[in-house]
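This report describes a protein model through its surface, its aromatic side chains and its backbone. The sequence and structure come first, and the description follows.

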Amino acid sequence: MIFSLNGLGLLGFEAVIQRDYPIMFGTLYFFTLLGLLLNIIGDVTYMFVDPRIHFESQEV
């Protein structure tokens, strides 16, 4: 809890305890999308920090 407010993590945890599958899968879906978005942001940030990194296809 942050600032005495229930968060999404606590909601997901309580859903697991109570076997509330729609809430479980909803929180799992949200955290998965959040993780993917943060990975994409990190990759793009690497591209700007180090110009040697580029994501274009290369012939091997």
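F31 counts as partly exposed because its relative accessibility is 41%, where buried means under 20% relative accessible area, exposed over 50%, and partly exposed in between (1.4 Å probe, protein chains only). The model is a predicted one, in which local features need pLDDT of at least 70 and side-chain atom pairs count only at pLDDT 80 or more, while totals for chains, interfaces and linings use all residues. Residues are numbered from 1 along each chain as its sequence is written, and side-chain values use heavy atoms, with hydrogens and water left out.

**Fold and surface**

The secondary structure comes to two helices and zero strands, these being DSSP runs numbered from the N terminus (helices H or I, at least four residues; strands E, at least two). F31 has its place in helix α2. Of the 60 residues of the protein, 7% count as buried. The protein exposes about 5700 Å², of which carbon and sulfur atoms supply 67%; accessible areas come from the Shrake-Rupley method with a 1.4 Å probe, and for residues only the protein chains shown count as cover.

**The nonpolar patch**

F31 also belongs to a nonpolar surface patch, together with L8, L11, I23, F30, L34, L37, L38 and I41, and the accessible area of these residues together is about 760 Å². Patches are made of residues with over 30% relative accessible area and no salt bridge, with like charges joined within 9 Å and nonpolar side chains (Val, Leu, Ile, Met, Phe, Trp, Tyr) within 5 Å; a salt bridge is a side-chain nitrogen of Lys or Arg within 4 Å of a carboxyl oxygen of Asp or Glu. Helices α1 (8-18) and α2 (21-49) each supply at least two residues of the patch, and the largest share, seven residues, comes from α2.

**Aromatic pairs**

The count comes to two aromatic pairs, where rings of Phe, Tyr and Trp (its six-membered ring) pair if their centres lie within 6.5 Å, and planes under 30 degrees apart count as stacked, over 60 as edge-to-face and the rest as tilted.

| Pair | Arrangement | Centre to centre | Between planes |
|---|---|---|---|
| Y21 and F25 | stacked | 6.5 Å | 25 degrees |
| F30 and F31 | edge-to-face | 5.7 Å | 65 degrees |

Y21 and F25 both lie in helix α2, four residues apart, about one turn of the helix. Y21 is partly exposed at a relative accessible area of 45%, whereas F25 counts as exposed at 53% relative accessibility.

**The loop**

R19 lies in the loop between α1 and α2 and has a positive phi of about 55 degrees although it is not a glycine. R19 is exposed, with a relative accessible area of 64%.
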